[in-house]
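Take a moment to look over the model below. We will walk through it one part at a time.

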Amino acid sequence: MAAAVPALPVSLSGRFKGSFAYFTIKDRLPQILTRVIDTLHRHKNEFFEEHGEKGVEAEKRAISFLSKLRNELQTDKPVTPLEDELPDAALWNQYLDYQRNLSNGNGEPSWFQSPWLFVECYMYRRIHAALAQNPPIDNFDVFKEGKAQNFFESQEAVIALCTYFQELLKNIKDLDEKQLKEELFKLLQVSLWGNKCDLSFSAGEDSSQKSSPLQSLENMVPYILVNDMEKVWSLLVNAKKNRTERSNVRVDIILDNAGFELVSDLVLADFLLSSKLADEIYFHGKSIPWYVSDTTKHDFNWTVKQLQSANHMWMSRCGINWEGNLKKGVWVFCDHMFWTLPHDFSSMGGVAPDLYAELQKSNLIFFKGDLNYRKLTGDRKWEYSVPFHQALNKFHPAPLCSLRTLKSDTQVGLKPGQGEQIQASEPEWMVSGKYGVVQFDAGL
Ligand SMILES: O=P(O)(O)OC[C@@]1(O)O[C@H](CO)[C@@H](O)[C@@H]1O
Ligand SMILES: [Mn+2]
């Protein structure tokens, strides 16, 4: 007889009063909406100058749509179908129907009763609709200023990282395997801790990298709760050894935040190419503004341009090399609608088979950040010691590795008792961003 498939644990949700999801929906999401409304107010003159009265009217309509949204959220109203005609609207509405069926007559899906992942994604999709439906301001990214500010405030850390990296490049050809591995580990950690710098967590408050990103790495090792860096190294070294002329080693990076985190990911990607551990890197960003600080194509290109034209030799050297990588096609930026749908990744094969097939071509996929971790593991109340492979729930396009600082209360793959022990002395350990994981799954 086939072994019974264990039922999935319940989804995190605002219905659990006092949980992190509850506080996020109650406090942080309305705060984010208020900031978005303020941003539009502040740009009123600009809209007028650019588009005349039409621009101001569009701004007013967007603001009233967003105020209505904030009210629906705060009074726990049912989640309503999307009424716009954007390309993903039908998929969203199908997903809402699916949630209706799940609630099994227990009322309509609503902000505090439905899964947190669903309603939080839905809020960002409605913010997008507020703008996209209102030309001529339909291309305005309400989060752009914050992302740029985060980048500029991290300037010193960016300089420190670019300088370190350009020094490293000078003698990268002479490094033996042990030294290469050490450098990989350093840059993996910089990219991991770079994930502290997201803006939805702080509801848009300053969250830039102030100190040198390389200095304190050693002191932070004890905070890496699952550390699979050795596995990442073995995979890359073996892929390199087995590589033939026709089989390139391909690494994919599912990006998270713009600002310092993105720079740390680009440095990691450059290292993988320059060390010949990989031949090509595919970056995956968001096709609409998302979770305040996530990287869109515009943010990606803007960042490379900023580095290129920086008034600092090593920063601009990085930017010039990266632009070159994009031109040569050894770096590729992609976006896909799936990344901004509410589905967790176990449904990618069904909902976005083209994206799943694309990821299957990869030798190794890095998933950056907390939201990607939530989507990898379905955003559920897992026991801490459940194996990562099990929580992935059949999502295995290729070997993958999550680089994530803990900013939401879900975590798997810990040793028995490990989570409980930290919980006893630090009740905020899962949501403070102080802990991180480098968590690998080999796939099949
Ligand atoms: O994915 P990221 O940028 O690391 O984090 C996104 C995030 O701040 O947004 C949610 C809170 O609203 C949490 O899941 C998470 O902490
Ligand atoms: Mn993010």
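How many residues does helix 8 have, and how far does it reach from its first C-alpha to its last? This is a predicted model. In it, helix 8 runs over residues 177-194 and has 18 residues. Its span is 25 Å, close to the 26 Å expected at 1.5 Å a residue.

Look at the start of helix 8. There, a side-chain oxygen of Asp176 comes within 3.1 Å of the backbone nitrogen of Lys178. Now follow the helix along. Its buried residues include Leu180, Glu183, Leu184 and Phe185. Trp193 and Gly194 are also among them.

Next, turn to the open spaces. The largest pocket has a volume of about 770 Å³. It is lined by 36 residues, and the closest to its centre are Ser11, Gln99, Leu102, Pro115 and Arg380. Helix 4 (89-102), helix 5 (116-132) and helix 16 (369-376) each give two or more residues to this lining. Helix 4 gives the most, with 4 residues. Domain 1 (20-133) and domain 2 (149-203 + 212-441) each supply at least three lining residues. By class, the lining of the largest pocket holds 16 nonpolar, 14 polar and 6 charged residues.

Finally, consider the cavities. The whole structure has 3 cavities of 30 Å³ or more. The second largest cavity holds about 50 Å³ of space. The lining includes Asp256, Trp290, Phe345 and Lys368. It divides into 4 nonpolar, 1 polar and 5 charged residues.

Conventions. Residues are numbered from 1 along each chain as its sequence is written. Chains are lettered from A and ligands numbered from 1 in the order in which they are written. This is a predicted model: local features need pLDDT of at least 70, side-chain atom pairs count only at pLDDT 80 or more; totals for chains, interfaces and linings use all residues. Side-chain values use heavy atoms; hydrogens and water are left out. On a 1 Å grid over the protein atoms alone, a cavity is a set of points where a 1.4 Å probe fits but cannot get out, and a pocket is an open set with protein on both sides within 12 Å along at least five of seven lines; lining residues have an atom within 4 Å of a point. Grid points are joined across faces, edges and corners, and a volume is the space filled by probe spheres set on the points. Ala, Val, Leu, Ile, Met, Phe, Trp, Tyr, Cys and Pro count as nonpolar, Asp, Glu, Lys and Arg as charged, and the others, Gly among them, as polar. Domain bounds come from an automatic or database domain assignment. The expected span of a helix is 1.5 Å times one less than its number of residues. Buried means under 20% relative accessible area, exposed over 50%, partly exposed in between (1.4 Å probe, protein chains only). A polar contact is a pair of N or O atoms within 3.5 Å; within protein, one must be able to donate a hydrogen and the other to accept it, and residues adjacent in sequence count only if both atoms are side-chain atoms.
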